[in-house]
Amino acid sequence: MTALILEDVHVEFPIYATQRSFRKALFERATGGRIERNGGAGRRVAVKALNGISLALQDGDRLGLVGHNGAGKSTLLRVMAGVYEPVIGRILASGKITSCFDLLPGLDIEDSGYENIVTAGLLLGMSHAEIEQVIPEIEEFSELGEYLSLPVRTYSSGMLLRLGFALATSVDPGILLLDEGIGAGDARFADRATLRLQSLVDRSRILVLASHSDALIRQWCTKAALLENGQLVEIGPVDEVLATYHARNQAEATRA
Amino acid sequence: MAPTAAAQTLVSPIPGPEPARSVTGMLDRPMSDPPAAPLSKSAARDLWDGLRRPDLWGRLGWLEIKRRYRRTTIGPFWNVISLAVFVVTVGTVGAGLWNQAASQYLPYLTSGMLVWMMISASANESCMLFVANTHLYRNGRFDFSTLAYSLVWRNFIVLLHHLVVYVVVVGILAPHLISPATLLAIPGLALLMINGVWVSLLLGMFCLRFRDVQQLVVSVIQISLFMTPVFWPADQLAAGTARSLFIHFNPLYHAVQVVRAPLLGEAPAAESYVAVILIAVIGSAVAFWAFTRFRKRVAYWS
């Protein structure tokens with residue numbers, strides 16, 4: 001049973017050595033997380049990026065995260081991935097968590113494509129045997145041919161993207177965490193990338209996708225969650241949540 | 001804390017649609033995943049899981065070596081040459097200064113420098129352990145200990161390179177120094193490497209939180225090279241306060257000694273073993289405490 005459960009998750013980013021005036025400026029910011037002082041002297045400042053998030057996802061759930069820039073979408077994804085451990089609260093998960101924040105972790109441009117596949121694969125938690133198994137597929141999809149034996153330094157950015165994308169999408173995801181904007185490249189590649197991403201999403205048991213694109217969320221998600229200032233405002237069917245989101249945007253625009 | 005009732009009802013068994021399984025040749029995974037477990041990791045778990053991935057830390061360490069010597073023809077041996085030149089020049093001067101035969105002083109200096117270079121490089125690099133590797137642990141769950149293991153492993157490989165100088169110097173000047181006691185260098189090195197793990201984790205976290213500590217560490221290491229008998233023979237220091245301060249109570253002396261003495265064909269004094277083991281135990285305890293307490297802050301500090 002694949003599941004991902006968040007219980008009252010709080011995340012605060014400490015800020016060290018901030019100027020007083022800068023702190024003031026931060027307090028008056030319109031969007032983004034809430035900034036709080038810890039401790040009596042107020043010497044430590046922290047950005048409250050997530051504030052008491054609770055949600056539970058199970059097999060087959062496809063959740064879209066919506067909200068302004070700085071509302072906490074990416075932070076929430078990173079917390080789900082286990083990069084940040086919540087300051088308060090906890091996260092329970094069953095199933096392999098796959099995140100696509102960095103397509104080629106541990107990238108060394110002097111190493112060949114093959115060597116980088118191994119390094120990145122190991123960092124993504126694969127074994128040598130598993131990496132061996134996905135290499136033919138990466139060769140085929142990336143269409144890099146002989147280039148895979150050359151230093152990555154010689155690749156164009158599009159080629160590098162193809163390599164990273166091929167590797168990142170070759171895994172068997174249990175819980176898939178996607179931040180928008182993975183993919184692109186030239187037109188021919190973009191089409192194949194979309195197909196491949198679709199197949200990755202289909203193979204996953206739980207999907208969490210942060211996106212500003214209503215179309216993408218409607219296409220892939222069955223549920224949506226609206227984040228605002230690090231708080232979960234609403235979670236429910238995609239249409240309802242998107243309606244709330246747009247209504248709030250409208251209200252804000254008229255107020256301003 | 002148990003899962004809240006609400007959360008539990010939400011995940012209880014309403015079977016979702018079965019997604020298509022991968023047809024891409026990945027290893028078959030068990031169809032039923034284990035029950036939901038907390039995502040957070042304990043320090044002990046991190047240390048253990050990290051250790052069980054020699055493929056990962058071995059590769060990270062090896063890549064760093066490769067990176068350092070890339071596009072050079074003789075690669076790592078530049079370092080070896082500079083050590084050789086250093087030993088011969090400083091060794092000749094030192095032999096004169098301390099009225100020693102070159103055949104006695106040069107092996108002493110070489111083996112001392114070998115160990116010292118491993119210790120100082122490990123300490124200096126420890127400061128960058130988390131600072132320089134943020135890109136490795138911003139992706140998901142990560143066993144931070146793999147970074148420490150890779151650091152120790154990499155410095156061990158560097159030491160193996162430097163060993164060439166030792167073999168040449170001792171082979172030419174004093175082959176009689178190589179004896180069964182030389183094998184004691186192996187447990188000595190093992191002790192140093194165990195110490196390397198806690199030092200790198202502790203310094204790594206400390207320097208991540210307080211970025212200026214690195215300069216302090218560099219200076220301390222530099223100064224200690226002169227206060228520790230590496231250039232000068234330990235018996236040149238007259239008995240007294242200075243001797244006990246710079247030798248008996250100098251942890252770095254004992255650390256050097258557990259490897260240097262065997263390389264010079266002697267068994268290290270029991271005192272040195274006791275000191276190094278004691279440092280390993282106390283240091284590991286402190287580092288473990290700090291790692292338990294601050295492990296989850298590492299991602300926030302970076």
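**Close-up views of a predicted model**

**View 1. A strand of chain A meets the strand of chain B.** In this predicted model, the bridge partner of A:Leu92 in β1(B) is B:Pro38. The two strands involved, β5(A) and β1(B), the latter made of residues 37-38 of chain B, pair in the antiparallel sense over 2 bridges.

**View 2. Strand β5(A) also pairs within chain A.** Strand β1 of chain A, which covers residues 3-15, and strand β5 of chain A, which covers residues 88-94, pair in the antiparallel sense over 6 bridges. Within this pairing, A:Leu4 stands opposite A:Ala93 in β5(A).

**View 3. Chain B as a whole has 13 helices and 1 strand.** Of the 302 residues of chain B, 36% count as buried. Among the contacts in chain B that link residues at least 6 apart in sequence, 79% join residues at least 24 apart.

**View 4. Helices α7(B) and α8(B) cross.** Two packed helices are described by the angle between their axes and the distance between those axes. Here the axes of α7(B), residues 145-173, and α8(B), residues 185-209, come within 9 Å and cross at roughly 135 degrees. An angle over 145 degrees would count as roughly antiparallel and one of 65 to 115 as roughly perpendicular, and the two helices are therefore oblique to each other. Their crossing is right-handed.

**View 5. Residues meet where α7(B) and α8(B) touch.** On the α7(B) side the residues include B:Leu151, B:Val152 and B:Phe156, while those on the α8(B) side include B:Met193, B:Val197 and B:Leu201. The residues of this contact divide into 8 nonpolar, 4 polar and no charged.

Key:
Residues numbered from 1 in each chain as written. Chains lettered and ligands numbered in written order. Predicted model: local features only at pLDDT ≥ 70, side-chain atom pairs only at ≥ 80, totals over all residues. Pairing = 2+ DSSP bridges. Helix = DSSP H or I, 4+ residues; strand = E, 2+ residues; numbered from the N terminus. Buried ≥ 20, exposed ≤ 12 C-beta atoms within 10 Å, placed from the backbone. Contact = placed C-beta atoms within 7 Å. Axes fitted to C-alpha atoms, helices over the stretch in contact; angles between N-to-C directions. Parallel < 35°, antiparallel > 145°, perpendicular 65-115°, else oblique. Left-handed = near helix turned anticlockwise from the far one by under 90°. Nonpolar A, V, L, I, M, F, W, Y, C, P; charged D, E, K, R; others polar.
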